[in-house]
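Student: I would like to learn how to read a fold step by step, going from its elements down to single residues. Could we work through one example together?

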Amino acid sequence: MADHIYKTLELTGSSTTGTDDAVAKAIARASKTVRNMDWFEVVETRGHIENGKIAHWQVSLKIGFRLEE
């Protein structure tokens, strides 16, 4: 197995349905332009409140991708 070098980028996904959906949306969007994504790490979770209820979730995450040779 070859040694790999990774670079990370930080994104924030949002969703009105939950944190998993916010993460999935961020990864799906990044996958349109970033190759070799291998892992993610949730850095922060927060939300927006309207009328005493959760209006939407925001999840900041780091995505690690392998640098090409």
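Student: Across which strands does H1 lie, and at about what angle does H1 run to S3?

Tutor: Please keep in mind that this is a predicted model. H1 lies across S1, S2 and S3, and its direction is at about 40° to that of S3.

Student: How should I read the sheet itself, and what is the order of its strands?

Tutor: In general, the strands of a sheet pair through backbone hydrogen bonds, and the pairing is either parallel or antiparallel. Here the three strands form an open sheet in the order S1-S3-S2, with antiparallel pairing. S1 and S2 are the edge strands, each of them pairing on one side only, and from one strand to the next the twist averages 15°.

Student: How many bridges join S2 to S3, and which residue in S3 does valine 42 stand opposite?

Tutor: S2 and S3, which run antiparallel, are joined by twelve bridges, and valine 42 has leucine 61 of S3 opposite it.

Student: Which residues of H1 are buried, and against which strands do they pack?

Tutor: With buried taken as under 20% relative accessible area, the buried residues in H1 are Ala22, Val23, Ala26 and Ala30. Viewed down the axis of H1, these buried residues fall within an arc of 100°, so they line one face of the helix. They pack against strand S1 (6-15), strand S2 (37-50) and S3.

Student: Where does serine 15 lie, and what does it touch?

Tutor: Serine 15 lies in strand S1 and is buried, with a relative accessible area of 3%. The side chains of serine 15 and aspartate 21 are joined by a polar contact of 2.6 Å. Not counting residues up to four places away in sequence, serine 15 touches Asp21, Ala22, Lys25, His56 and Trp57.

Student: Finally, how should I read backbone angles, and what phi does asparagine 36 have?

Tutor: As a general idea, most residues other than glycine have a negative phi. Asparagine 36 has a positive phi of about 65° although it is not a glycine; this residue is found in the loop between H1 and S2, where it is partly exposed, with a relative accessible area of 25%.

Student: And where is asparagine 51 found, and is it buried or exposed?

Tutor: Asparagine 51 is found in the loop between S2 and S3 and is exposed, with a relative accessible area of 81%. Asparagine 51, too, is not a glycine, although it has a positive phi of about 55°.

How values were computed. Residues are numbered from 1 along each chain as its sequence is written. This is a predicted model: local features need pLDDT of at least 70, side-chain atom pairs count only at pLDDT 80 or more; totals for chains, interfaces and linings use all residues. Side-chain values use heavy atoms; hydrogens and water are left out. Buried means under 20% relative accessible area, exposed over 50%, partly exposed in between (1.4 Å probe, protein chains only). Helices (H or I, at least four residues) and strands (E, at least two) are DSSP runs, numbered from the N terminus. The arc is that of the directions from the helix axis to the C-beta atoms. Contact means heavy atoms within 4.5 Å. Two strands pair if DSSP finds at least two bridges between them. Axes are lines fitted to C-alpha atoms, for helices over the stretch in contact, and angles run from 0 to 180 degrees between N-to-C directions. A polar contact is a pair of N or O atoms within 3.5 Å; within protein, one must be able to donate a hydrogen and the other to accept it, and residues adjacent in sequence count only if both atoms are side-chain atoms.
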